[in-house]
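Q: I am new to this structure. Please show me how to read its features.

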Amino acid sequence: MTILLLSIKVQSQEVPTTSNHTIKIVVREAEEKKPLAGATVMIPSLKKTLVADSNGAALFTQIPAGKYTFKISFVGYENQEIVINLPQKNDYFEILLSHEEEHEEEEVIVTSTRMSRSIADIATRVETISGEELTEKGNMKPGDIRMLLNESTGIQTQQTSATSYNSSIRIQGLDGRYTQILRDGFPLYAGFSGGLSLMQVAPLDLKQIEVIKGSSSTLYGGGAIAGLVNLVSKTPTKEKELSFLANATTAGGLDLSGFYSEQFSKVGITFFGSRNTSNAYDPAGIGLTAIPKFERYTIHPRLFFSGNKTKANFGLNYITEKRLGGSMDYIKNGSLGYFENNQTNRLTSQFQLTHQINEQSNFVFKNSYSRFNRSIQIPAYEFKGLQQTSFSEATYQYKATKHDWIIGTNFITDHFKELNTTVANSRDYQFNTWGIFIQNTWKASEILSIETGLRGDYVKQFGFELLPRIAAILKANAQLTLRLGGGMGYKTPTVFNEEAEKLHFRNIRPIDQLISINERSVGGNFDINFRTRLGEIGFAVNQLFFYTRLNSPLVLVNSGTSSSFVNANGFISTKGMETNLRLSYEDFKLFIGYTYADVNTQFNNVKNWFPLTSRHRVNNVLMYEKEGKFKIGAEAYYFSPQQLSDGAMGKSYWIFGLMAEKIWNNFSLFINFENFTDTRQTKFDTIYSGSINNPMFRDIYAPVDGFVINGGLKLRL
C-alpha cells in the first residue's frame, strides 16, 4: 500500500479575505525526503495541472474559494488525493509519498545477459515480450511465434518461400542469418536447423521472449550480429498450472495445445504438447498456396530438481512436421504441378546444473544436443540433410558488493551431412568452436552501472575471433534512464541463409574454406527511456539510435550452372532509430512504434539499398481492458516501399487487425480479425513469373494470406 504523509506548515496569518488564493504543494519521497521532481499535481474540477519543479514544488495561484480535491501522481506510486477547503490559514502542503514493494509494477527478470537481473537494472538494452502482451499476441497466432516477433518495433519476419510460408527474423534490416535464436540460453536453431524454426515454436509454454539488438556475439558466440532472441520457457511455481488452448481459422487451420506445470517438495515438472494443422489455402485464387497444408506435433517435457545448494533441470523437445505447399491441384487432386514438400524431425535435449559454492558464488554447467533432419522436395530436385549440434558450457559466477563476475568456457559442435548420395559437391561440414569469456558488472554508484565483456572463439577452419563489448546505464532519476552499448560480432560461413533457402539449396556449391573468412561486425546503440504522468495519463517513451557495420558479408555469385557464396569486397551498414511511445488512461493503452532503418551495401565502392528492408515502419496498438473481464484491441501497421532483389520496387502497404477476448474465472473465449482489409501482395503485385507449373518466384515483401479470422477457447484448470 502506498503511504501518503501530509505535513502542514501553518503560517502566522489571518484567513485571507480575497476571493482568490495561492496554494503551494511540495511532493517528496518519504524515506529520504528527496523532492520528486516531475510529480504531477492537478485540480480536476478546475482543469488545472502542474508538474513539480526541481524542488518538487507546484504553485497554484488565483484559486477561488471552495472545496477542492487535489490529485498527486508520480511514476512508480499509486495516485493519491487530498481535499483542501479554501480559504484557510495555511497555504503550504508537504506531501511525502512512499510505496511498498508488492505494489510496484510487475518485475521482469531477464536472463539473456547471463546475469538474472531486473530489466530496469541491466546496462544492456533488452526488450521483453511477456505477461499480458505475450498472451494477447499469442491469441492472434497460437501455432507459432512469427507474429509475436513481426509486430515488435525494429523486427521484421521475412517470408522466404511463397508457398511453404517459411520465414526468418530480420532485426534492424539485416538478414535472418545474423540473428541468433536461443531457447532458455541454449543455441538450438543455428545453421540448417534455423529453417522453419519460427513456424515450429508454439507460444503457450513460453514465459517471455527477450530480444537484444545489435552485435551480441560476446554473450553466446558467433551468429548474433544483428542481435539475439531468447525464448524463455515457463518453469514450475508453487501454484499448479493446467491450461489448454483450442484455436481454429477461416483458412482451415486448427491448433490444439496443452500445458501442465507443478512444483512438489524438491521436484518440479512441466509438460507441453501441441498439434497444429492447416489445409492448403489460396485466397488469391491463383492456384498456388498462400498457406501450405501441414501437420505438426510437439512434445516438450522438463524435470526440475531443487536441493539445498544444487538445482538441476533436464528437458526434451521433439517436433515432427509434414508441410506441403505449391499447386492447389497437385495437393488436392494429385495433378501435375509445382510443389514444395518439407518434412522435418527435430529432437533437442537441455540440461542445466547450478551449484551454490557459498553465498557469493555459483558454478553452472549447461549441455544441449540437437538433431535436425529435414528434406525439401520440389519437382525434379530433392535436398536432404542431417544436422547434429551440441553445446557445453561451464561458468563460475561471483557476486560482490559492487562487482558481479562471470568467467566461463564453452565448446560447440556443428556437424552437417547431406543425405543425397548422388550429389557430387556435398555441402557437408564439421565445425568445432572453442570459446572462453569473462564478464563483469560494476555498480559504480546508485545511478551508474557498467557491463564489460570479452570473448575469444576459435574455429579451426576460420581462425580466432576476439570479441569485446561494453554497456552502461545511467539512472538520472526515477523518470529518466540512459543506456549506451556496443560490441563486436562474427558469423562462421555456411550455405544456410535466406538466399539459399529461396533456391531450396539447388545448385549451391559448398563453402570454399580455403578462401572464405568469418563475417565480422561492429556496432553500437544509444537509448533514452523517459516516463512520467501527465495528470491521469501515463506517458512513457523510449528512443533508440543504432548503427552496425558488417564487413566481408557472404554474397551469392552465379558461375554458369551453379552459384557460390563468397566474401564481398566491402560491407553492409545499417543505421537508424526506433521510437516507442506508450500512453495509458484508465483502462485504455496506446502503443505507437516507429522504425527508421537505412540499410545499404557498399561493395566495390558502389552503394546500393539493401533488398527487402522498409526504411519506414509504424506500429500502432490500442487496447481497452477491464482486468479479469474482457479486452479489445485494434492494430495498424505500415510498411514503406522496399527495394527487391530483381531491381524492382515494392509497394507500400498497411495492415489492420482487431481482436477481442472475454474472460471468466477458468476459461476465456477469443477472436481475432487479422488483416481485415485483406492486404495481399497478389492484389497489387505478382509473386511469380513464368508458368504456374514452373514458376519463378519473386521476393515476398507483403502478406500473401490476406484476411484470416481465428478464434478459440482457453481453459485454466
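Q: How far apart are the mean positions of the positive and negative charges of the protein chain?
A: Lys and Arg count as positive and Asp and Glu as negative, while His and the chain ends are not counted. Each charge is placed at NZ of Lys, CZ of Arg, CG of Asp or CD of Glu. Here the 73 positive and 68 negative charges have mean positions 2 Å apart.

Q: On what basis do these values rest?
A: This is a predicted model, in which local features need pLDDT of at least 70 and side-chain atom pairs count only at pLDDT 80 or more, whereas totals for chains, interfaces and linings use all residues. Residues are numbered from 1 along each chain as its sequence is written, and side-chain values use heavy atoms, with hydrogens and water left out.

Q: How many helices and strands does the protein chain have?
A: Helices (H or I, at least four residues) and strands (E, at least two) are DSSP runs, numbered from the N terminus. The protein chain has 6 helices and 43 strands.

Q: How do strands S28 and S29 pair?
A: Two strands pair if DSSP finds at least two bridges between them. S28 (residues 463–475) and S29 (residues 480–491) are antiparallel, with 7 bridges, and a hairpin through 4 residues joins them. Ala-471 lies opposite Gly-485 in S29.

Q: Which sense does the pairing of S29 and strand S30 take?
A: S29 and S30 (residues 519–534) pair in the antiparallel sense over 12 bridges. Thr-481 is opposite Asn-529 in S30.

Q: What share of the residues is buried?
A: Buried means under 20% relative accessible area, exposed over 50%, and partly exposed in between (1.4 Å probe, protein chains only). Of the 717 residues in the protein chain, 52% are buried.
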